[in-house]
Amino acid sequence: LSLHDALPIYTQEDIKEIVEYARLRHVTVIPEIEIPGHSTAALAAYPQLSCDTTKTYEVSTCWGVKDDVYCPSEFTFKFLEDVFTEMLPLFPSRYWHIGGDECPKTRWKSCPKCQSKIKELKLKDEHELQSYVIRRVEKFLNKNGKKLIGWDEILEGGIAPNAALMSWRGVAGGITAAKSGHPVIMTPNTYVYLDHYQASMDISPLANGRICALEWTYGYNPIPKELTEQEAKHIKGVQANVWTEYIKTPEQVEYMAYPRANAVAEIGWSSPEHKNWEDYLDRLQYQF
């Protein structure tokens, strides 16, 4: 739901259509309901979800990391459970993504309610308070037959017991989670972020970050060498992300995604010893 006319609004029927369209093509749609950060749209609608309930919040009109996040109050947990309950019938996927990334602790550090909660629960700091939030939500999702996925920030303060992890800030988070027995999807921004430049910045449309060329992406091995054979079994797959802060049209999404998405698919189903760059380039011509 959105209070901002410029943002897309999806009805329940829209969601059902998208999920069914994907299902017929053997694709499972996993929702990501971001908590506790990236939540200014919710705060704009319900200031009671914030640490400062007297403040007026606005839906963001530009991208970035904002200090205003959910306050871990009982009102917030009730709100989130209501949202999840409404969405549960729409997304039959086994996994649900709750984000957990890029959540500044600025407001929590100065919020009397948050500081009281930290003392009440005997938590060490605000990172453990975020872990408490994720664990509370995980219990609710598990009770409803869902498994929780979060970005690698959910390691900070202690990962929720049954959570799967997406390692995006490099590979270190994925290694840590796999060593502790948690399912991991490798999605390091250095290799598989398709919003990054794919060629020289001098000739490419404005994009994000560094150059992530096709050969660089193809050469990535999602099984870190630091893992034992047993630990490596916890690496469940690889994911590429196409964030659209710099992307204005569907055509530009396609331009940024391909052919690198093709390389990501191949590294997901090929053993390293069977990969060959020259052979891949030959086969890629059919895709073009």
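What follows is a chat in questions and answers about this model.

Mentor: Before we start, this is a predicted model, so local features need pLDDT of at least 70, side-chain atom pairs count only at pLDDT 80 or more, and totals for chains, interfaces and linings use all residues. Residues are numbered from 1 along each chain as its sequence is written, and side-chain values use heavy atoms, with hydrogens and water left out.

Trainee: Got it. How many aromatic pairs does the structure hold?

Mentor: Start with the rule: rings of Phe, Tyr and Trp (its six-membered ring) pair if their centres lie within 6.5 Å. Planes under 30 degrees apart count as stacked, over 60 as edge-to-face and the rest as tilted. Going by that, the number of aromatic pairs is 15.

Trainee: Take Tyr191 and Tyr220. Is that pair stacked or edge-to-face?

Mentor: The ring centres are 4.6 Å apart, and the angle between the planes is 25°. That makes the pair stacked.

Trainee: And how many residues apart in sequence are the parts that this pair ties together?

Mentor: Helices (H or I, at least four residues) and strands (E, at least two) are DSSP runs, numbered from the N terminus. Tyr191 sits in helix α8 (residues 189–192), while Tyr220 is in the loop between α9 (214–218) and α10 (229–232). So the pair ties together parts whose separation in sequence is 29 residues.

Trainee: Which residue lies over the face of Tyr21?

Mentor: A charge sits over a ring if NZ of Lys or CZ of Arg is within 6 Å of the ring centre and within 35 degrees of the ring normal. Lys275 does this with Tyr218, at 5.0 Å from the ring centre. For Tyr21 the distance is 3.6 Å, and the residue is Arg25.

Trainee: On to the cysteines. How many disulfides does the count come to?

Mentor: A disulfide is a covalent bond between the sulfur atoms of two cysteines. Here the test is a pair of cysteine sulfur atoms within 2.5 Å. The sulfur of Cys71 has its nearest cysteine sulfur, that of Cys51, 3.7 Å away, and the sulfur of Cys111 is 3.6 Å from that of Cys114, too far for a bond. By this rule the number of disulfides is zero.

Trainee: Which residues does Arg94 touch, leaving out those up to four places away in sequence?

Mentor: Arg94 is in the loop between α3 (74–87) and β2 (95–99), and it is exposed, with a relative accessible area of 51%. Arg94 and Lys147 are 53 residues apart in sequence, yet 6.2 Å apart in space, C-alpha to C-alpha. With contact meaning heavy atoms within 4.5 Å, Arg94 touches Gly145, Lys146 and Lys147.

Trainee: What kind of peptide bond joins Ile35 and Pro36?

Mentor: Most residues other than glycine have a negative phi, and most peptide bonds are trans. Pro36 is in the loop between β1 (32–35) and α2 (40–45). The bond from Ile35 to Pro36 has omega of about -10°, and it is cis.

Trainee: Last one: what is the phi of Lys122?

Mentor: Lys122 lies in the loop between α5 (112–120) and α6 (126–143), and it is exposed, with a relative accessible area of 73%. Although Lys122 is not a glycine, its phi is positive, at about 60°.

Terms used
Buried means under 20% relative accessible area, exposed over 50%, partly exposed in between (1.4 Å probe, protein chains only).
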